[in-house]
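Open the model in your viewer and keep the selection panel at hand.

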Amino acid sequence: MAKHYFIVTYGCQMNVHESEKIAGILRAKGYSSCDAQEEADIIVFNTCCIRENAENHAYGNIGALKKLKRARRDLIIAVGGCMTQQAGAAEKLRKKFPFVDIIFGTHNLEELGKFIDEKAGGRKKVVEISDERDDLGDDEDISYRTSYPNAWVNIMYGCNNFCSYCIVPYVRGRERSRRPEKIIAEVNSLLDAGYKEITLLGQNVNSYGNDMGKAFTFPALLSDICKRKEKFRLRFMTSNPKDFGEELVRTIAENEQVCNLVHLPVQAGSDRILRLMNRKYTAGEYLKKVELLKKHVPDCQLTSDIMVGFPTETEEDFQATLRLVKEAGFSTAFTFVYSPRSGTKAAAMEGQIPEEVKKDRIMRLVELVNSQTREISKGYLGKTTEILCEDYDKKKGLYLGRDEYGRMGYFKSESNLIGQFVNLKITDASGVSLYGEVQKPNTKEERI
Ligand code: SAH
Ligand code: SF4
Ligand code: F3S
């Protein structure tokens, strides 16, 4: 009988993409996917530990499997991802969830197939958390992708920045860039296969190549990828403002395929807080970079990550964040409540902010961000924007896709347009979502 897998993913796009690699490994072992945990022969949790609530979700859901495992002793439960790689985490998981069969770290993902064999061969429990590895183990693309027409491609792993609040450098190791020829080969084969949108992934894509003697830079990599002449979109995540500069801005401006949307996490608007966060830029420097971007790419939109409640943050500091959100004119932003992460510098700082103050600030921040998003949405009304159709929403009975700026657009169509670029004349723009009518090519239109 065919064996089935079920993967539960938490965290960032890096993890979403890594779950595609896990799926690839499981399929190579003869498993196929299923729709419910109860039908699975192996359940893999790909975890995140960026904030406490991400961990709590995973803990809750792993704990809930105890019963299932008791009823089906041959079920394999595996836990991987960032949570397992934290100091002491494997031991904690082992004690808390004795029924988990395989615990593997972020540097052990490629070995999952081997661990499953070992388990089948009688090894009682597999716990493998390695320190960083030298080879990236990424010679071939093992991903099983289900996100057509979009595809993620890693360009680098790890992070060297040690922002004082952040756990990522501890669980993902130091920066390691993939060779450009490997990246380009992977992108080319995705484009050959008909993918229409490629998102390059790294914690700080601007430092791409630094670990290879700066022989390759991120802008050069983008330009190389854009030598392909067919129509496709190129995105990247994430750009750290400290290394965001003119060469990259010019590359965005010069290459049609690179989306005019930059995700540039600012975190806070107060220089004092930015310094404590170890972000290595001031609010003024950040805004200068935004200005530079708008000068070269006037139709550009900007999104961000913003945090409230960092240790010692005062109302005045928070007001500086609100001011910066307005000045930078973010079209949208991911907003977070600071969550102390054990082992990071900020977790040990004096002046942790009470929960109710954090709550009050996040609500005010979200309201401001939403009002900016709504304003930009209104600007879409009556205009035409190009959508890459990526899915069909059964409940709504509408196709959907995103425009260059990441804005979701919904529309009716008799034929299946998934994987195609369509011009959408926007008739309704409530909140974040747009609704519109497909325009025939060559229709006269006012573009967004
Ligand atoms: N490498 C990216 C960020 C990856 S983490 C960058 O530097 O831009 C994604 C976001 O999570 C961060 O931008 C930050 O806003 C948030 N984050 C990270 N650590 C956090 C913590 N301890 N508490 C709350 N939010 C956090
Ligand atoms: Fe974390 Fe900073 Fe690295 Fe981003 S750049 S992953 S916020 S340490
Ligand atoms: Fe991503 Fe969470 Fe790890 S945000 S890098 S999955 S800690």
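For residue classes, Ala, Val, Leu, Ile, Met, Phe, Trp, Tyr, Cys and Pro count as nonpolar, Asp, Glu, Lys and Arg as charged, and the others, Gly among them, as polar. This is a predicted model: local features need pLDDT of at least 70, side-chain atom pairs count only at pLDDT 80 or more, and totals for chains, interfaces and linings use all residues. Residues are numbered from 1 along each chain as its sequence is written, chains are lettered from A and ligands numbered from 1 in the order written, and side-chain values use heavy atoms, without hydrogens and water.

Select its surroundings (a heavy atom within 4 Å).

**Ligand 1.** Move to ligand 1. Of the 15 residues around it, Q203, P265, Q267, D305 and S339 come nearest. Which classes make up this shell? Seven residues are nonpolar, four polar and four charged.

Now show polar contacts (N or O pairs within 3.5 Å). A polar side-chain atom of Q267 sits 2.7 Å from a ligand 1 oxygen. For R51, a polar side-chain atom is 3.2 Å from an oxygen of ligand 1. At S339, a backbone N or O atom lies 2.8 Å from a ligand 1 nitrogen.

Select L200. Its contacts (heavy atoms within 4.5 Å), leaving out residues up to four places away in sequence, include V153, F218 and M237.

Note on methods: A polar contact is a pair of N or O atoms within 3.5 Å; within protein, one must be able to donate a hydrogen and the other to accept it, and residues adjacent in sequence count only if both atoms are side-chain atoms.
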